[in-house]
Amino acid sequence: MKKVNWGIGIPFSVILSVLGSLPILLHFSTDEVNLFLRSISYNLIITLLSWYIFHRVLESRYFNLSKGRGTYFAFCTSITIVFAFVLNFFFTSLIGFSIKPIMDSGSLRYFLLILFRGLMLGALISFVVNYLDVIREKQRNALVIEQLKQKQLEANLSSLKEQMSPHFLFNSLNSLISVIKRDSNGAVNFVIRLSEVYRYLLQHREHQTVSLKEELDFIDAYIFLLKVRFKNNIRVKVNIPEKYINTRIPPLTLQLLLENAVKHNIVSKTKPLDIEIGVDNQMIIVSNQVQPKVSLETSHGFGLGSMEEQYWLLAQKEILIKEDNNKFKVLLPLLI
């Protein structure tokens with residue numbers, strides 16, 4: 001149910017009633033002062049009734065704003081004009097409480113005055129009530145959009161984590177089997193690093209952003225696992241100045257870019273893959289040379305598209321994707 005905002009309605013009604021009756025005081029006589037007070041009472045009743053009814057009209061299921069708020073404006077103004085005539089008749093004819101301003105109650109001028117008074121009051125009240133309703137609607141829509149944005153961010157991040165867990169674990173276990181056969185000490189170190197990767201996933205499961213330092217520590221463990229898997233055929237160079245360490249990015253962002261580079265490019269002894277991670281102009285840059293595989297691995301439907309959407313929802317910022325001089329680059333805005 002829409003709330004009738006009396007905190008605004010009552011002061012507004014009083015001010016409007018006084019202003020609407022001020023011209024009567026121009027005569028500066030006792031009779032006009034009495035008439036001024038009566039006019040205020042009359043205007044105040046019309047305004048308060050209109051304020052309440054106009055809110056009820058907006059709430060009514062029989063009134064549809066889909067045809068435009070102009071219909072609401074005209075309808076409410078008409079209601080106030082009717083109020084003006086009914087209340088005027090009630091005051092003057094039934095209880096003898098005359099509010100006519102120095103003119104014959106049967107004259108055309110008197111009739112037009114009532115019409116004008118209802119028109120002005122109705123227009124002003126319907127405008128204010130409508131304006132307050134528009135503001136309330138915008139606030140409600142902004143809240144709904146923010147809630148949807150939050151849910152979508154959580155869904156995107158959850159999708160990335162779910163994608164990484166089984167896919168990455170499968171490759172890591174295959175690498176572990178190979179390490180166990182030739183180096184038991186190395187296998188222990190591999191398991192420790194693997195546990196660091198999954199500890200990071202658990203710790204930041206609900207987080208929308210992490211510090212760049214946290215992501216780089218995670219990436220360090222991830223790179224170690226890649227090197228065990230691909231040996232010296234993959235080379236990752238990280239060059240991040242200290243001043244950027246406390247900036248923030250969405251979790252798993254760098255991991256996803258490293259994984260994409262490995263997934264879509266040849267990594268072999270004859271064609272080692274070089275990956276660079278650096279910062280330039282408040283953008284973190286991840287680049288690798290382009291040496292596409294003949295047969296690409298199956299895509300799971302996540303990746304750069306998901307990352308682009310996540311950045312936009314989180315900070316209304318866009319990531320940049322470039323390919324020049326046989327190098328593929330992804331530029332990610334750093335979040336403060």
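Does N288 count as buried or exposed at 5% relative accessibility? N288 counts as buried, because its relative accessibility is 5%; buried means under 20% relative accessible area, exposed over 50%, and partly exposed in between (1.4 Å probe, protein chains only). The model is predicted: local features need pLDDT of at least 70, side-chain atom pairs count only at pLDDT 80 or more, and totals for chains, interfaces and linings use all residues. Residues are numbered from 1 along each chain as its sequence is written, and side-chain values use heavy atoms, without hydrogens and water.

N288 belongs to strand 5 (residues 283–289). Helices (H or I, at least four residues) and strands (E, at least two) are DSSP runs, numbered from the N terminus. Beyond neighbours within four places in sequence, the contacts of N288 include A261, N265, L273 and D274. I275, N326, K327 and F328 are also among them. Contact means heavy atoms within 4.5 Å.

A261 is one of the buried residues of helix 7. Helix 7 covers residues 253–264, 12 residues in total. Its first and last C-alpha atoms lie 17 Å apart, close to the expected 16 Å. The expected span is 1.5 Å times one less than the number of residues. Helix 7 is largely enclosed by the rest of the structure, because 11 of its 12 residues are buried. Among them are T253, L256, N260 and K263.

Helix 1 (residues 6–21) includes W6. W6 counts as partly exposed, because its relative accessibility is 34%.
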